[in-house]
Amino acid sequence: MTLFWTTIGAILTLSIYSFLYKDNPFYKFAEHLVVGVSAGYYLVIYYWNYIDPNVVTPVFLLRVGADRIPLLGMDWWMALIPGILGLLLYMRFFPKVAWVGRWPLGIYVGGYAGLGLSPIMQARVITQLGANALPLAGVEDPFAAMTNLVLGISIFAVMTYLFVAKRSMGAGNKLVRAGVIVLAAVIGYVGYLALSLLSNAGVVSLTNILLVVGLLGTLSYFFFSMKHKGLLGGLARVGIVFLMVGFGASFGYTVMSRISLLIGRVGFLLHDWLHLID
Amino acid sequence: MSGVSGFEKFLKIDRRWIFLAVGVAVVIPFFFPLGLLVDVTPPVQSLYDAVDVLPPSSQPLLLAIDYAPATLPELEPMALAILRHAFSRDVNVAVMTLHPAGYGLAERAGLQVAEEYDRVYGEDYVYLGFQPGTSAVILSLGVNIRNVFPEDAYGTPLSEFPIMDGIRNYDDIPLLITLAGWSAAEAWVYFAHEPFGQEVGAGVTAVMATDYYPYLNTGQLVGLLGGMRGAAEYEGLVGHPDKGVRGMDSQSIIHMLIIALIVVGNIAYFATRKSKKLAG
Amino acid sequence: MRRRLPLALCFIAGIFTAVQYFIPHAAVQDFQEQLLGWLMTLLAFAFLLGTVSLIRLHWHKIRNRADDRGYSFVALAGLTTMIGLGLFHPAHHSPDSPFNVMFQNVQVPIEATMFSLLAFYVASAAFRAFRARTLEATLLLVAACVVMLGRVPLGELIHEQIPIATRWILEVPNLASKRGVMIGVGLGMMATSLKIILGIERAWMGGTD
Amino acid sequence: MKLCLSLVVLLLLVSAAAPAADDAETVDPLMSDVEGAVQAPVDSIPPAPPSDLAARDHIENTDAGDKIALSWSLSPDDGAGAGDVIGYLVLRHPSPDAPGDTVAVVGAGSGRCLDEAVEPGTAYYYTVASLDGANASEPVLAGPVAGRTNLWQPARTSVFVLMIVFFALVMIFTRLAERGAALFIRRIPGLNAIEEAVGRATEMGRPVLYVPGIGEIDNIMTIASLTILSHVAKITAKYETPLIVPTARAVVMSAAEEVVKEAYAEAGRPDAYNPDNIRYLSDAQFAFAAAVNGIMLREKPAANLYMGAFWAESLLLAETGFEAGAIQVAGTAMVSQLPFFVTACDFTLMGEELYAASAYLSREPKLMGSLKGSDWMKMVTIILMGAGVILNLMGATGIVNWFQTQ
């Protein structure tokens with residue numbers, strides 16, 4: 001029996017992979033099958049996990065206080081209100097009274113919009129800002145702190161100059177651009193080495209400088225109320241560099257992700273179905 | 001001139017040859033494993049440490065298995081590794097899900113590992129099931145778990161489970177781990193960590209992982225597993241290598257293949273462009 | 001009734017859920033607790049709306065004798081089978097129930113396989129479309145290759161500095177830029193929510209009457 | 001903070017539920033031969049008392065006013081000095097002289113306790129004495145203090161202030177835009193790229209392909225995309241270049257029809273509008289991508305514009321378009337898809353640039369309001385961060401502490 005069902009799973013897996021050759025009926029069959037099956041699965045899971053215990057049971061069977069505990073200790077008539085509101089949502093399928101469906105939708109849309117506001121401000125803005133208000137020098141020894149600060153700023157000035165200046169000279173040729181990147185990388189690396197020779201804290205403060213400048217640059221890039229010229233333009237150029245490196249990291253990770261999924265499926269075919277490997 | 005057309009032809013090969021190469025590169029390491037060792041990175045280590053300090057047979061770890069089948073190969077190895085870690089240390093676990101398709105997946109992960117470690121349902125772990133409404137569910141859990149899950153997934157009241165005695169809300173949950181391939185992981189940060197100060201650890205797909213580094217840096221997440229590699233590292237720490245570790249060989253080979261394709265493709269592209277410029 | 005009332009309900013619900021965050025008073029929080037339950041119920045009903053739409057879509061295709069109506073039969077058959085097995089089969093709660101077996105062996109393999117198709121397309125695109133045409137694209141590709149190398153064991157064998165470089169990319173430039181994006185996107189999300197609550201953004205109401 | 005409190009609560013629960021608990025950190029004062037006492041050096045000298053006892057109303061998320069938080073500085077004999085303190089006895093008194101009820105016994109090394117069982121609005125006094133197993137110190141007194149049901153969560157003041165600032169900015173700019181004030185938005189470079197691409201297609205006499213993503217009509221990326229579509233349609237109408245718009249949602253298709261028809265009418269070329277070019281292909285992600293790829297290969301558009309919400313199909317579209325040699329311009333706020341567009345397209349509108357482009361083109365007050373509001377809020381965050389960095393350099397952490405919300 002297990003083998004039978006595993007074989008079904010394997011056949012469906014291979015049907016999906018047949019899309020690689022070209023779109024075909026096997027692929028379309030599996031695609032439509034999963035649309036139906038998943039919708040059915042979700043409906044059943046919603047029904048047993050939520051609607052049945054929290055709406056149907058207390059309201060229609062009046063089994064409050066019996067062997068089931070109603071949602072949030074609500075009385076049965078309290079469970080009735082969201083239940084009725086929920087049913088009103090379905091009025092949209094009857095054009096003449098479709099507008100009634102907007103009442104529950106209003107509560108739903110407004111309620112969820114309000115819930116998110118403050119936690120988003122707290123999690124995405126305030127906490128992130130607090131974490132980025134970093135001690136740039138971050139070392140007790142004031143001499144080392146100053147050295148780090150000066151080094152960090154000069155590395156950045158050079159990198160910014162290279163990116164801004166080279167950019168404004170027009171398209172430039174490929175070799176120059178590659179040269180800029182290599183040069184910036186070399187300067188960065190030398191700076192990093194110099195700092196790590198000075199002290200471990202030097203590396204920390206360089207990191208902090210990069211974090212502050214990077215966030216500043218990224219925010220400047222997405223600042224639309226002024227022309228990107230002068231300081232703002234320079235910061236935006238730096239922001240682009242950070243954004244691209246960040247996107248590069250996402251790119252590498254995304255590739256990794258897709259491949260993991262393939263590995264998982266190949267493992268299923270070879271191991272769970274064919275038992276070719278252990 | 002033949003060089004130009006050679007490159008152009010090369011760039012225009014039927015992509016199904018590339019598909020074939022990918023297929024071969026994935027399959028071969030399954031039969032001839034390289035057995036490469038996986039280093040442990042700090043985000044994984046800190047999640048492991050957070051689970052490792054949980055007191056045995058005490059307040060439960062809340063494991064939210066929020067993934068759907070689409071991201072199963074990346075996230076299920078994480079669920080198994082974390083459950084193995086918890087069960088091998090006698091840590092109680094409460095499993096739940098915020099995704100309807102996670103219902104069957106959470107159940108199967110729990111059953112599999114409980115069997116491996118002879119854990120008894122109801123005494124060592126419970127399965128709370130699914131509730132809809134992501135943010136509303138997470139916020140309600142902060143008030144009272146019984147508001148959301150008055151009973152387990154099979155209809156037994158929570159009061160009948162000794163491990164849920166005295167577990168009221170996040171104050172009684174020392175650690176929460178969410179495994180999700182969608183924004184549920186972020187929702188746990190917004191609605192469990194921010195208002196209630198709940199310690200949250202996350203396992204996410206590699207696609208999402210880079211976006212979660214700011215949360216890791218601030219401590220809004222105690223640890224982060226990113227994709228199959230994260231699972232492999234955790235498996236190594238638990239000492240029970242499984243699908244994650246096994247996948248790393250294929251992953252190594254294909255990454256090499258893709259980098260080679262990018263490099264070769266770019267060389268061919270610039271070579272054809274240069275000769276076109278010269279010709280034009 | 002048609003437009004004012006839903007907008008007013010939206011405003012009241014939104015203001016309440018937003019402001020309660022700052023008011024710990026038990027009376028307010030008790031009502032919030034109830035409201036959360038209502039929102040969960042509404043979400044459950046709203047989710048099932050999608051199922052009804054799906055049935056209507058395929059039903060129309062079959063009734064209008066669309067060319068690919070055969071596949072609509074497949075979708076509806078899958079749906080009715082799952083509902084039948086799930087709601088009316090006596091052992092629907094057991095992991096061995098036919099309902100769960102269908103899920104584990106039909107839905108799981110198909111959905112899990114769908115996105116793994118992209119592994120092939122990524123490789124093909126790597127060869128044919130990922131070009132270092134601009135400075136930006138070059139930076140992106142270089143960072144991507146370093147990360148791809150640094151995240152697999154083979155990369156560590158090639159050079160021991162590669163995983164360190166990967167970690168640096170993730171924890172410094174990536175962190176800074178993602179934090180910037182996070183703040184920007186967060187502000188956009190909040191602005192949209194605010195406009196919804198205040199009734200400036202009404203796309204959710206649909207229609208114009 | 002929360003963790004500490006919950007630990008204290010745990011200790012409390014343990015000590016309340018199990019008088020003979022053998023946890024080394026909790027000691028029952030009524031039993032002199034508890035385990036902890038055996039390990040501590042027994043003498044007849046009472047330990048030094050704790051100091052700085054403070055009792056205040058505890059504010060929690062759901063505040064019924066039934067909790068009072070206590071904190072004190074450890075006794076000099078706790079971990080140092082005589083080193084024999086094994087815990088602290090916390091008592092609650094109705095008046096300074098009345099005998100007290102035991103609230104908890106807190107283990108050595110901890111200076112916190114949460115009394116969870118007070119009557120709201122009643123004033124209490126608290127005493128704390130250090131214990132060494134055989135003797136108790138002089139108790140220290142604090143009070144009166146009463147539990148209140150609070151109307152404000154002080155830890156979240158910073159959230160509230162920044163929210164009000166942000167919302168005020170959004171509303172001010174929305175109103176200004178409604179009154180027709182000239183609000184500046186810089187021109188987005190991507191718009192020039194779009195115009196160049198359309199121009200190229202006209203020169204080559206080939207169509208323009210515009211994909212508005214696979215998002216639903218209520219997705220703000222789709223809405224922004226339709227604004228840009230209107231702009232593109234006006235240009236193609238002027239040049240009489242065919243414009244093909246494949247969609248994945250039936251509702252988006254009818255919206256796109258309206259937008260394009262209207263744009264052609266505005267450009268004075270209603271006759272050039274071809275309804276067959278606005279197409280619904282498929283709701284299914286990969287089927288849609290395959291169908292769009294078919295259009296690219298058969299009808300050979302010279303410019304492919306991808307604007308809107310894209311998921312995994314972005315890769316399939318951009319690859320085929322590149323292969324077909326079209327000029328490609330993309331724009332999406334789906335961060336995970338941006339890398340693929342950046343590497344395979346000639347120009348990409350990243351994230352908020354998509355919204356900015358649509359606000360720039362439409363000048364609609366609600367779009368302008370949130371764009372300008374977000375912009376100046378970014379300025380506020382930059383200033384706050386700068387202030388935090390500078391103050392941090394000088395050793396002041398006030399701002400950083402203000403950011404702490406827990």
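Start by selecting chain C: from the N terminus on, its elements run α-α-α-α-α-α-α-α. Keep in mind as you look around that this is a predicted model. The tally for chain C is eight helices and zero strands. Is this chain a compact globule, or more spread out? Its radius of gyration is 26 Å, well over the 17 Å that the globule rule gives for 209 residues, so chain C is more spread out than a compact globule.

Along the principal axes, its C-alpha atoms fill a box of roughly 65 × 50 × 40 Å. If you colour by burial, 55% of the 209 residues of chain C count as buried. As for contacts within chain C with a separation of 6 or more, 20% of them link residues 24 or more positions apart.

How many residues of chain C are in contact with chain A? There are 98 of them, and they meet 96 residues of chain A. On the chain C side, the elements giving two or more residues are α1 (4-19), α2 (26-63), α3 (69-88), α4 (98-128), α5 (135-150), α7 (161-171) and α8 (173-197). Highlight α4(C), which provides the largest share of that side, 20 residues. Colour the chain C side by class and you get 71 nonpolar, 20 polar and seven charged residues.

Now show chain D against chain A. Here the contact takes 35 residues from chain D and 34 residues from chain A. Look along chain D for α3 (157-178), α7 (285-299), α9 (338-344), α10 (352-362), α11 (365-393) and α12 (398-403), the elements that give two or more residues to the side touching chain A. Which of them gives the largest share? That would be α11(D), with twelve residues. By class, this side of chain D divides into 22 nonpolar, eight polar and five charged residues.

**Last stop: the sheet in chain B**

Select chain B and switch to a cartoon view. Six strands make an open, parallel sheet in the order β3-β2-β1-β4-β5-β6. Its edge strands are β3 (125-130) and β6 (224-226) of chain B, each pairing on one side only. Neighbouring strands are turned by 15° against each other on average, direction ignored.

Zoom in on β2 (residues 93-97) of chain B, which pairs with β3(B) in the parallel sense over five bridges. Pick B:Ala94, and you'll find its bridge partner in β3(B) is B:Val126.

Finally, bring in two helices. Helix α3 (residues 42-52) of chain B lies across β1 (61-65), β5 (200-204) and β6 of chain B, at about 130° to β6(B). Helix α11 (residues 227-238) of chain B lies across β5 and β6 of chain B, running at about 120° to β6(B).

Notes:
Residues numbered from 1 in each chain as written. Chains lettered and ligands numbered in written order. Predicted model: local features only at pLDDT ≥ 70, side-chain atom pairs only at ≥ 80, totals over all residues. Contact = placed C-beta atoms within 7 Å. Helix = DSSP H or I, 4+ residues; strand = E, 2+ residues; numbered from the N terminus. Nonpolar A, V, L, I, M, F, W, Y, C, P; charged D, E, K, R; others polar. Pairing = 2+ DSSP bridges. Axes fitted to C-alpha atoms, helices over the stretch in contact; angles between N-to-C directions. Rg over C-alpha atoms; globule rule 2.2 N^0.38 Å. Buried ≥ 20, exposed ≤ 12 C-beta atoms within 10 Å, placed from the backbone.
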